[in-house]
Amino acid sequence: MLNDCLFCAIAAGEIPGTIVHQDELAVAFRDIDPVAPTHVLVIPRRHVRDLGELADHADDAQAVLAAVREVARIEGLADYRTVLNTGAGAGQSVFHVHAHVIGGRGLSWPPG
Ligand code: AMP
């Protein structure tokens with residue numbers, strides 16, 4: 001856990017979060033400002049900054065993908081979008097890697 005990391009604190013239960021699913025390596029919780037009926041963030045418990053760092057930790061990367069699949073199952077989503085913003089210029093605002101799982105409404109492409 002990294003001091004001053006919001007998502008580490010949510011994973012540790014130090015800051016409230018609406019947990020949807022968790023296991024040894026990953027945690028899924030609802031986004032505080034949802035853009036769709038389902039908007040869940042999936043994080044590794046390990047503090048890694050972004051997708052580039054996550055790629056160096058195969059077990060954590062696998063756990064994140066499996067947790068995304070589990071969130072979709074729990075939420076009853078056959079169709080959903082998974083987004084990992086990497087870098088401030090791409091919209092990353094929290095520098096603990098997270099996969100947005102967005103669904104429950106129609107989703108257009110390309111995104112904004
Ligand atoms: P990103 O901009 O891709 O880094 O995504 C960060 C996401 O974290 C945004 O969608 C925020 O709404 C969400 N967020 C920020 N603070 C919290 C919080 N305390 N609990 C849940 N989600 C949060």
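View 1. An oxygen atom of the ligand lies 2.7 Å from a polar backbone atom of Gly91. A polar contact here is a pair of N or O atoms within 3.5 Å. In the side chain of Asp31, an N or O atom is 2.5 Å from a ligand oxygen atom. For His98, the distance from a side-chain N or O atom to an oxygen atom of the ligand is 2.9 Å. On its own the ligand has 510 Å² of accessible area, and the protein covers 81% of this (Shrake-Rupley method, 1.4 Å probe).

The model is predicted: local features need pLDDT of at least 70, side-chain atom pairs count only at pLDDT 80 or more, and totals for chains, interfaces and linings use all residues. Residues are numbered from 1 along each chain as its sequence is written, and side-chain values use heavy atoms, with hydrogens and water left out.

View 2. The ligand sits in the largest pocket. A pocket is an open set of points on a 1 Å grid over the protein atoms alone, where a 1.4 Å probe fits, with protein on both sides within 12 Å along at least five of seven lines; a molecule sits in it if more than half of its atoms lie within 2 Å of its grid points. Two or more shell residues come from each of α1 (6–11) and β2 (26–30), and α1 gives the largest share, 3 residues. Of the 16 residues around the ligand, those that come nearest are Asp31, Gly91, Ser93, His98 and His100 (near: a heavy atom within 4 Å). By class, the shell holds 7 nonpolar, 6 polar and 3 charged residues, with Gly counted as polar.

**View 3. The cis peptide bond at Pro110.** The peptide bond from Trp109 to Pro110 is cis, with omega near 5 degrees. Most peptide bonds are trans. Pro110 is placed in the segment after β5 (99–103).

**View 4. The chain trace.** The chain has 3 helices and 5 strands (DSSP runs: H or I, at least four residues; E, at least two). From the N terminus on, their order is α-β-β-β-α-α-β-β. The C-alpha trace spans about 35 × 30 × 25 Å along its principal axes.

Definitions and conventions
Polar contact = N/O pair within 3.5 Å; in protein donor to acceptor, adjacent residues only side chain to side chain. 1 Å grid on protein atoms, 1.4 Å probe; cavity = no way out; pocket = protein on both sides within 12 Å on 5 of 7 lines; lining within 4 Å.
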